[in-house]
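Opening my notebook on this one. I want to look up some strands, some helix ends and some charged pairs.

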Amino acid sequence: METLKTSVGTLNEEVLKRLSKMLDNSSCGWRQLANAVAEHPKFRCSDREVTNCSLEVLSPAGSPGRTLLAWLADRFCSLDFLLHSLRKINHLEAVQYLSSIVVELIQITEQPQSQQATVGGRMVLTCRASGPPGLSYQWFRDKEEILDETGSTPELVLCPLAPVHQGNYICRVNYRENCVFSQWAQVRCILSAGISPLLLLFSLFPSLYLISHELNLVSLGCSSSLFPGSLSGLHIIHQPQSQAVSEGDTLFLQCKAEANPPAQYEWYHNTVALKQPKTCSLKIPCVTTANRGPYRCKVFNLYHEVWSDTATVSIGPSSITEASWVEVDRGPDSQKVPRKYGIHQLQQIAKPPSSAKQFYATDKVALLIGNMNYVHHTQLSAPIADVHELTNFLRQMDFKVVSLIDLNWQEMHSAVTEFLLLLDKGVYGLLYFAGHGYENFGNSFMVPIDAPASYTSEHCLCVQNILTRMQKKETGLNVFLLDMCRKRNPHDDVIVQPGLLKVTANIVFGYATCVDAEAYEVKREDVSNGIFISFLKRRVSEEEKVTFMLDRVAEDMGRCAITRGRQALELRSNLSERRCLTDRIQTPDCSASQSARNLQWAVAHDLPNSDCLQFDCGVKVQLGFAAEFSNVMVIYTRILEQPKEIVSCSAQLTDFPEDVDVDLKKSNQETLLEAGSLILINEYLLSPEVPSLYTRVRSLQRLRKELKFTICLHYTYSNMDEEVQERQTVTVGKPLVSKLNLHEPRPPHASYPSSSSSDSFNFPDCSSLTEAFASVSSSNAWSYDELTATQSNAIGSSPSPRSANVPEEIDSSDFVDGPKPLVASKSLPISQVNETNYKYGDMNDFHSN
């Protein structure tokens with residue numbers, strides 16, 4: 001069942017407001033509901049969360065009940081459990097109202113259809129519905145309930161069909177005390193001229209059939225057993241065979257059966273029926289990786305039904321061998337390839353140009369997500385360093401990079417939507433994810449930090465769905481780098497059906513590990529790195545076709561003793577052109593879509609302006625900001641001036657809102673390293689005599705209001721022992737990605753105008769857009785004079801072309817020797833280690849969670 005049909009979050013705002021009013025009372029309201037839902041550990045409220053709900057009454061439009069419902073929606077509380085909890089506290093009004101809403105959620109997706117069939121045959125009436133979990137079905141003929149067919153099955157089987165079965169049928173779909181009815185379906189029986197006397201007798205008198213069946217006198221049932229004699233039979237004589245084919249080849253499967261009456265065939269892929277001709281053979285030309293997986297054939301006739309053996313089809317990389325080419329007519333204007341030309345002759349017909357073609361991108365955009373601090377799963381260490389390092393490399397190659405750490409389900413969905421808004425025709429799009437993940441039935445799933453212990457696809461993001469949405473943007477290159485586990489998820493048996501992929505020949509998948517294998521990270525004292533990024537950063541900036549570059553990464557991993565047999569990169573691609581991540585950007589002047597992307601990207605990386613605060617005691621404090629990631633910001637304070645009579649002075653930050661995450665133990669530290677930051681700052685530019693304090697603010701994507709905090713000035717006079725304090729409250733707006741409100745659901749089809757339709761939008765002229773973008777980007781820097789040389793070091797700041805400031809490479813000769821020209825300064829000190837000192841942490845082992 002899809003999340004939208006089961007979660008409290010699917011209720012519209014009007015329904016939530018009405019429920020909130022019912023819960024905003026002291027006798028039987030939100031507090032009692034919070035106690036009731038606590039029977040499930042997942043929904044147990046802490047004292048802090050209860051307090052936050054109660055404080056909503058202080059706001060004119062605040063509602064404790066609405067806050068509790070939003071909290072339950074964030075944790076994927078089902079409507080079923082909410083109704084159960086409301087009944088538990090005996091809130092009859094809310095139960096009655098929500099039950100009526102649940103009825104509206106039950107929708108019949110497949111109505112039973114009127115049919116006619118021959119007496120003695122087999123007829124199936126089907127009624128399927130979507131809605132809350134636990135739906136049951138009841139079938140009625142006219143006004144009489146068919147008791148032996150009541151239950152959870154959506155199908156009513158009439159076999160053998162008899163005249164007594166004629167009539168009007170209807171199905172009732174039930175959810176607890178609520179129900180909806182299907183449309184009526186009429187059943188008619190037809191007497192065949194060639195019907196056997198025995199079948200005619202049993203059809204006219206069904207009780208005789210039941211008696212004979214119980215006494216094993218005759219077998220007329222609709223099962224897979226053979227009917228004795230010459231009346232009926234079904235037997236598969238040729239089973240479909242498992243096989244391995246390459247991308248672009250033709251897949252051919254065959255299943256043959258001996259049957260009386262003649263057999264019919266229906267093919268299934270991943271348990272889903274294929275819309276293919278109902279024949280004994282299945283032929284799929286030009287297969288892709290989407291065609292891999294298990295295939296089965298259902299063989300049936302009037303009396304019997306059997307299933308073939310499972311044939312597993314694996315799809316390998318595209319390969320062209322010495323084969324003859326057959327003439328294919330593509331249309332009146334197309335050219336034809338003559339018959340009997342081998343691959344060598346074909347290469348001579350269409351020789352490549354003497355010099356390689358230079359490809360360009362209209363823009364380059366990357367979304368990097370690193371999830372570490374999981375609520376219900378193993379904590380990870382490497383994603384923060386991996387995202388940080390890859391960000392620096394991509395920024396060198398002129399990518400607009402949005403880098404985010406620790407996102408929940410809603411935030412990941414919103415981040416992907418914002419990422420898609422930055423794409424357009426000819427744009428290079430790159431998605432990197434480091435964290436927990438799994439792969440089921442050929443689909444890869446990224447796990448948010450708030451996923452429950454037994455998560456399924458409804459709690460995660462399907463990578464193939466994102467690819468389908470990217471293709472609609474007509475991107476020039478789609479690159480997915482997935483640094484996660486690809487083990488099977490035993491809790492998830494749902495087969496996700498992504499949208500149909502177009503044949504674009506511009507898709508590259510770089511998996512950190514193989515199918516059904518785990519990805520690892522290297523444990524260090526100061527910083528951890530994922531195996532994948534440790535090798536990727538050596539090659540990512542090479543001016544090579546993306547697939548060639550990843551092939552070399554795979555070779556490097558294969559030569560390293562500590563990775564051999566544990567983790568191997570897997571590459572999947574249909575890229576037909578020599579496109580590189582280092583390709584230059586070439587876009588039409590004054591492109592409206594380009595300007596829109598620039599402004600949107602700038603909004604997500606807008607830092608507050610540096611400021612100087614004057615205190616009553618005469619102390620002047622510098623307040624500055626730098627971006628570590630798109631949702632992590634470092635705030636620093638520096639004493640610029642102080643009176644002579646003040647002997648000691650420091651400006652500390654406090655009173656941050658609860659939306660953001662600030663580690664109090666690491667706040668107001670004298671070095672960035674002590675503050676837990678990965679920003680690369682040349683600290684020698686700061687005068688050692690002037691104290692500077694750093695505070696790291698995380699989870700900015702959850703900031704719902706403007707960021708407001710307090711600067712507490714601590715100072716001591718020369719003739720006094722007692723410390724004095726002064727406080728000033730500072731409001732700096734919504735910095736970085738907080739402006740995008742990723743905590744809010746996104747409309748399903750949001751998009752920017754494409755370059756082909758930009759004339760219908762009223763964009764400012766190019767000069768004003770450029771100035772606006774420049775003004776926003778210029779604030780992304782350390783804004784006092786001594787730090788002007790480090791402006792490009794802040795990840796969120798606007799990068800200078802071909803500039804980088806990356807962490808120091810790992811000092812292992814066999815493991816990583818990063819490209820020396822890229823090292824501008826050190827990040828965190830890493831001592832030299834040998835291969836024997838590496839410790840493997842199971843990065844994404846699903847079974848260990």
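My entries follow, grouped by topic.

**Ground rules**

I am working from a predicted model, in which local features need pLDDT of at least 70 and side-chain atom pairs count only at pLDDT 80 or more, while totals for chains, interfaces and linings use all residues. Residues are numbered from 1 along each chain as its sequence is written, and side-chain values use heavy atoms, with hydrogens and water left out.

My helices (H or I, at least four residues) and strands (E, at least two) are DSSP runs, numbered from the N terminus. I call two strands paired if DSSP finds at least two bridges between them. For burial I use relative accessible area with a 1.4 Å probe and protein chains only: buried is under 20%, exposed is over 50%, and partly exposed is in between.

**Entry: sheet E35-E37-E38**

I looked up the strand order and found an open sheet of 3 strands, E35-E37-E38, with antiparallel pairing. Strand E35 (646–654) and strand E38 (724–731) are at the edges with a single partner strand each, so one side of each has no neighbour in the sheet. I noted an average twist of 20° from one strand to the next (axes are lines fitted to C-alpha atoms, for helices over the stretch in contact, and angles run from 0 to 180 degrees between N-to-C directions). E35 pairs with strand E37 (residues 708–717) over 8 bridges, antiparallel. I picked out Thr654, whose bridge partner in E37 is Thr710.

**Entry: strand E15 and its partners**

With strand E18 (residues 293–300), E15 makes 6 bridges in the antiparallel sense, and Gln264 has Phe300 as its bridge partner in E18. With strand E16 (residues 272–273), E15 makes 2 bridges, also in the antiparallel sense, and I found Tyr268 opposite Ala273 of E16. E15 and E16 form a hairpin with 2 residues between them, and Asn270 in the turn has a positive phi of about 55°.

**Entry: sheet E24-E25-E26**

Here I found 3 strands in an open antiparallel sheet, in the order E24-E25-E26. Strand E24 (437–440) and strand E26 (461–462) are the edge strands, each with a single partner, so one side of each lacks a neighbour in the sheet. Strand E25 (residues 443–446) and E26 share 2 bridges in the antiparallel sense, and Phe445 has Cys462 as its bridge partner in E26.

**Entry: helix H5**

I listed the buried residues of helix H5 (residues 79–88): Leu79, Phe81, Leu82, Leu83, Ser85 and Leu86. At the N-terminal end Ser78 is the cap, with a side-chain oxygen 3.1 Å from the backbone nitrogen of Phe81. After H5 comes Asn90, with a positive phi near 60°.

**Entry: salt bridges**

How many salt bridges does the structure hold? I get 24, where a salt bridge is a side-chain nitrogen of Lys or Arg within 4 Å of a carboxyl oxygen of Asp or Glu.

I looked at Arg66 with Glu13, where the closest N and O atoms are 3.1 Å apart. The pair links distant parts of the chain, as Arg66 is in helix H4 and Glu13 is in helix H1 (residues 13–23), 53 residues apart. Both ends are partly exposed: Arg66 at 22% relative accessibility and Glu13 at 38%.

Next I took Glu439 and Arg292, at 3.5 Å from N to O. This pair also links distant parts of the chain, with Glu439 in strand E24 and Arg292 in the loop between strand E17 (281–284) and E18, 147 residues apart. Are these two buried or exposed? Glu439 is buried at 7% relative accessible area, and Arg292 is buried at 15%.

I also logged Glu542 with Arg539, at 2.9 Å between the closest N and O atoms; Arg539 counts as buried at 19%. A network of salt bridges links Arg539, Glu542, Glu544, Arg552, Asp556, Arg559 and Arg578.

**Entry: Ala604**

I placed Ala604 in the loop between helix H15 (592–603) and strand E32 (611–614). Ala604 is buried at 2% relative accessibility.

Technical notes: A polar contact is a pair of N or O atoms within 3.5 Å; within protein, one must be able to donate a hydrogen and the other to accept it, and residues adjacent in sequence count only if both atoms are side-chain atoms.
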